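Please read the following report with the sequence and the model side by side. It goes from an annotated span to the nonpolar cores and then to the strands.

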Amino acid sequence: MTVVVLDGKATAIQRELDLGARVANFKRVTGGRIPILATILVGDDPASATYVKMKANACARVGMDSLRIELPASTTTEDLLDQIHSLNGNPDVHGILLQHPVPKHVDERLCFDAIARNKDVDGVTCLGFGRMTMGECAYSSATPGGIMQLLSAYGIELRGKHAVVVGRSPILGKPMAMMLLNADCTVTICHSHTANLPDLVRQADVVVGAVGKPAFIKAKWIKDGAVVVDAGYHPDGVGDIELKPLASRVAAYTPVPGGVGPMTISTLIANCVSSAEATLG
Ligand code: NAP
């Protein structure tokens with residue numbers, strides 16, 4: 001069986017070439033303005049700081065600017081809302097990324113939902129989620145949006161397939177399930193209270209691992225010829241799915257690293273470029 005490696009790194013690099021050209025065009029037609037992504041990091045979680053840095057680096061690679069806002073862990077919900085409202089009103093800012101998670105005392109949902117719809121380039125607002133679910137125009141949640149782009153780039157047929165999404169978080173599992181549903185999959189959503197998880201995963205033509213536990217989904221649960229998407233990332237290149245034994249018997253799989261991660265970042269950047277272009281009228 002030919003096994004397709006869904007190479008997110010290569011696909012994202014290719015996509016960045018196109019994004020670079022769009023940024024250059026935006027600059028030309030606006031007489032020198034540059035799309036700007038504002039990133040907000042609250043607290044000192046090293047992993048979050050790394051993710052924000054990677055996003056700022058990606059902005060630079062396509063010729064965009066990033067406005068980095070770093071707030072102390074003691075930031076209150078009100079302080080954060082003030083920041084977001086100020087960025088909403090700043091015409092130079094085209095997209096706002098609030099890095100998840102924020103410290104526990106902050107009302108993350110309230111802050112996400114304060115992001116203006118036209119700047120919600122990470123697809124985190126309830127309104128954006130609802131619009132996307134209903135098939136209306138909205139910026140896609142970055143990770144599931146990136147996964148859909150990757151599947152499309154490799155011509156993976158989704159219509160009529162049974163997709164099993166393990167995980168139902170607001171930023172990943174839930175929007176992933178809705179995007180697969182909108183692509184005409186039959187979707188099963190699994191979570192920590194799901195009974196008979198291995199049996200459900202065995203039925204999947206497409207499996208998405210979004211659990212946050214290293215190698216939690218076992219290779220033996222996954223049927224031959226399935227399409228395997230692993231959104232997880234843990235130290236030593238381990239995802240949420242036990243990938244190694246699958247590499248010779250599935251139709252396609254995302255490697256870890258180099259699968260979903262780069263597509264998440266390029267989707268965020270693509271959404272921000274689209275937001276900037278939308279200001280041109
Ligand atoms: P999360 O918010 O912790 O959600 C985890 C989900 O897994 C929850 O819905 C939870 O169910 C479910 N779950 C936990 N234990 C389970 C079990 N025993 N059986 C079935 N389901 C179970 O995590 P997340 O933010 O969605 O992230 C998931 C993974 O994706 C992580 O590995 C994260 O690092 C990765 N990620 C990667 C990217 C990227 O760009 N590559 C971006 C975001 C996240 P309940 O709802 O019932 O608690």
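The UniProt record, an unreviewed entry, places the feature "domain: Tetrahydrofolate dehydrogenase/cyclohydrolase NAD(P)-binding" at residues 141-278. In this structure, which is a predicted model, the end C-alpha atoms of residues 141-278 lie 18 Å apart, and the span is 34% helix and 14% strand.

**Nonpolar cores**

The largest nonpolar core has 24 residues, and those that touch the most other members are Leu6, Leu151, Ile156, Leu158, Met176, Leu180 and Val227. Several elements give two or more residues to this core, namely the helices α6 (142-153), α7 (173-182) and α9 (260-278), together with the strands β5 (162-166), β7 (206-209) and β8 (227-230). Which element gives the most to this core? That element is α7, with five residues. To look at one member in detail, Ile156 touches Leu6, Leu151, Val227 and Ala252, when residues up to four places away in sequence are not counted.

**An open sheet and its helix**

Three strands form an open sheet in which the order is β3-β2-β4 and the pairing is parallel. The edges of this sheet are taken by β3 (65-71) and β4 (95-98), each of which pairs on one side only. On average, and with direction ignored, neighbouring strands of the sheet are turned by 15° against each other. Helix α2, made of residues 46-61, lies across β2, β3 and β4 and runs at about 160° to β3.

**Paired strands**

| Strand | Partner strand | Sense | Bridges |
|---|---|---|---|
| β2 (residues 36-42) | β3 | parallel | seven bridges |
| β5 | β6 (residues 186-190) | parallel | five bridges |

Within the pairing of β2 with β3, which runs over seven bridges, Thr39 has Arg68 in β3 as its bridge partner. In the other pairing, where five bridges join β5 to β6, Val165 stands opposite Ile189 in β6. What kind of unit do β5, α7 and β6 make? The three elements make a β-α-β unit that is right-handed.

How values were computed:
Residues are numbered from 1 along each chain as its sequence is written. This is a predicted model: local features need pLDDT of at least 70, side-chain atom pairs count only at pLDDT 80 or more; totals for chains, interfaces and linings use all residues. Side-chain values use heavy atoms; hydrogens and water are left out. UniProt positions are given in the numbering used here, feature names are shortened, and annotations may be inferred rather than shown by experiment. Helices (H or I, at least four residues) and strands (E, at least two) are DSSP runs, numbered from the N terminus. A nonpolar core is a set of buried Ala, Val, Leu, Ile, Met, Phe, Trp, Tyr and Cys residues joined through side-chain atoms within 4.5 Å. Buried means under 20% relative accessible area, exposed over 50%, partly exposed in between (1.4 Å probe, protein chains only). Contact means heavy atoms within 4.5 Å. Two strands pair if DSSP finds at least two bridges between them. Axes are lines fitted to C-alpha atoms, for helices over the stretch in contact, and angles run from 0 to 180 degrees between N-to-C directions. A crossover is right-handed if, with the strands pointing away from the viewer, the path from the first strand over the helix to the second runs clockwise.
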